Amino acid sequence: MSTNHKPLSKKQLEETLIQYRHHFHEYLELANREFKTTETIKAILTKWGIKLLPTNLKTGVFAEIGTSDGPTVALRADIDALPIQEESGVPFSSKFPGVMHACGHDTHIVSLLGGAYLLKQLEASLPGKVRLLFQLSEEDREKALQLINNGQLKGVNAIIGFHNTPHQPIGHVGLRSGITTGAIDKFKVTLTGVGTHASTPQNVEDPIAALGYEITELQSLISRELDPFTASVLSITHLSAGNTWNVIPSNAFFEGTVRTADKNVRQEIKDRFF
């Protein structure tokens, strides 16, 4: 640690991190808009004497601990929130309507901060460097590609990331060999037909009927067209069509996600999807 600061005790560090977690849960930002979150993380790391790395990205924080020329290991956490209305009722609920840390990224931020604090105290004895990646925009579009294209993984020999889960008891960490999480693709589909009154369906090109057929076919893509020994998931999570009970609409919409653990299967699903 910096010579200007007396190291925190275990209890003091725990209390500090709880305060930080509550702050990030209350004052939060969506993907690619994490401006105040970024500034807060930078201020904490700077206070602890941890070196910030240069970046031309507008959000996200990248830092490094260690002075040795040994290997570099990166630790990664995400920092953005989701467009969800919080209804938890906790005293530190989101201050912003329609925005919530529903995926636990506030916990991820603080976990990496806690690890950074402890590693900083061991800096002189580290046999290499530890790079800290507070990743922007995990919940949207380019995600980690922004970080990679910005050069933040240059010189990194290994990277470790984690995600909270309610399925593990408190104080336990789950590990496994091989693939743990899959690649993520998001899809949006708009079907355009010709709407009419529900009493004259012969005059319509019904997008709702097409939507139902499309959903059935997409579900069978995983269960009937792919090798059952390959891990893949296709989930349709949002439908929208029409606005009243007696009119067939002109448009229907659905969206969802595909998760895959093999790049060839990922491409095959894309090819068959379209």
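I began with an open sheet of three strands, ordered E6-E10-E8 and paired antiparallel. The model is predicted. I then looked for the edges. Strand E6 (183–192) and E8 each have a single partner strand, so one side of each has no neighbour in the sheet. Neighbouring strands here are turned by 15 degrees against each other on average, direction ignored.

I looked at one pairing in detail. E8 and strand E10 (residues 251–260) run antiparallel and are joined by nine bridges.

**Entry: H5 against H6**

I wanted the geometry of this helix pair. The axes of helix H5 (residues 207–225) and helix H6 (residues 263–273) come within 11 Å and cross at roughly 135 degrees. That makes H5 oblique to H6. I noted the hand as well: the crossing of H5 and H6 is right-handed.

I listed the residues that make the contact. From H5 they are Leu218, Leu221, Ile222 and Glu225. From H6 they are Glu268, Ile269, Arg272 and Phe273.

**Entry: leucine 226**

I moved on to leucine 226, in the loop between H5 and strand E8 (232–241). Is leucine 226 buried or exposed? Its relative accessibility is 7%, so leucine 226 counts as buried.

I then asked what leucine 226 touches, leaving out residues up to four places away in sequence. The list has Leu221, Ser232, Val265, Glu268 and Ile269. Two of these names, Glu268 and Ile269, I had already written down for the H6 side of the helix contact. I also looked up one distance. Leucine 226 and valine 265 are 39 residues apart along the chain, and their C-alpha atoms are separated by 8.0 Å.

**Entry: the five-strand sheet**

I turned to the other sheet. This open sheet has five strands in the order E1-E2-E4-E3-E5, with mixed pairing. Strand E1 (51–52) and strand E5 (158–161) stand at the edges with a single partner strand each, so one side of each is left without a neighbour in the sheet.

I checked E2 and E4 next. They pair in the antiparallel sense over five bridges. Which residue in E4 is the bridge partner of alanine 63? I found leucine 132.

H2 lies across E1, E2 and E4 and runs at about 15 degrees to E2. H3 lies across E2, E3 and E4 and runs at about 150 degrees to E3.

**Entry: helix H3**

Helix H3 (residues 105–121) has 17 residues and reaches 25 Å from its first C-alpha to its last. That is close to the 24 Å expected at 1.5 Å a residue.

How many of the 17 residues of H3 are buried? I read off 12, which leaves H3 mostly covered. The buried set includes His105, Asp106, His108, Ile109 and Val110. Leu112, Leu113, Tyr117 and Lys120 are also among them.

I then looked up what they pack against. The buried residues of H3 meet helix H1 (10–26), helix H2 (35–47), strand E2 (61–65), strand E3 (72–78) and strand E4 (129–135).

**Entry: leucine 133**

I went through the contacts of leucine 133, leaving out residues up to four places away in sequence. They include Val61, Phe62, Ala74, Leu75, Arg76 and Ala77. Leu112, Leu147, Gln152, Leu153 and Ile159 are also on the list. One of these, Leu112, is a buried residue of H3. For distance I took valine 110, which lies 23 residues from leucine 133 along the chain. Their C-alpha atoms are separated by 12 Å.

**Entry: glutamate 26**

I finished with glutamate 26, found in helix H1. Is glutamate 26 buried or exposed? At 14% relative accessibility, under the 20% cut-off, glutamate 26 counts as buried. I then read off what glutamate 26 touches, not counting residues up to four places away in sequence: Pro91, Phe92, Ser93, Ser94, Lys95 and Phe96.

Notes: Residues numbered from 1 in each chain as written. Predicted model: local features only at pLDDT ≥ 70, side-chain atom pairs only at ≥ 80, totals over all residues. Heavy atoms only, no water. Helix = DSSP H or I, 4+ residues; strand = E, 2+ residues; numbered from the N terminus. Expected span 1.5 Å × (residues − 1). Buried < 20%, exposed > 50% of the residue type's maximum accessible area, 1.4 Å probe, protein only. Contact = heavy atoms within 4.5 Å. Pairing = 2+ DSSP bridges. Axes fitted to C-alpha atoms, helices over the stretch in contact; angles between N-to-C directions. Parallel < 35°, antiparallel > 145°, perpendicular 65-115°, else oblique. Left-handed = near helix turned anticlockwise from the far one by under 90°.
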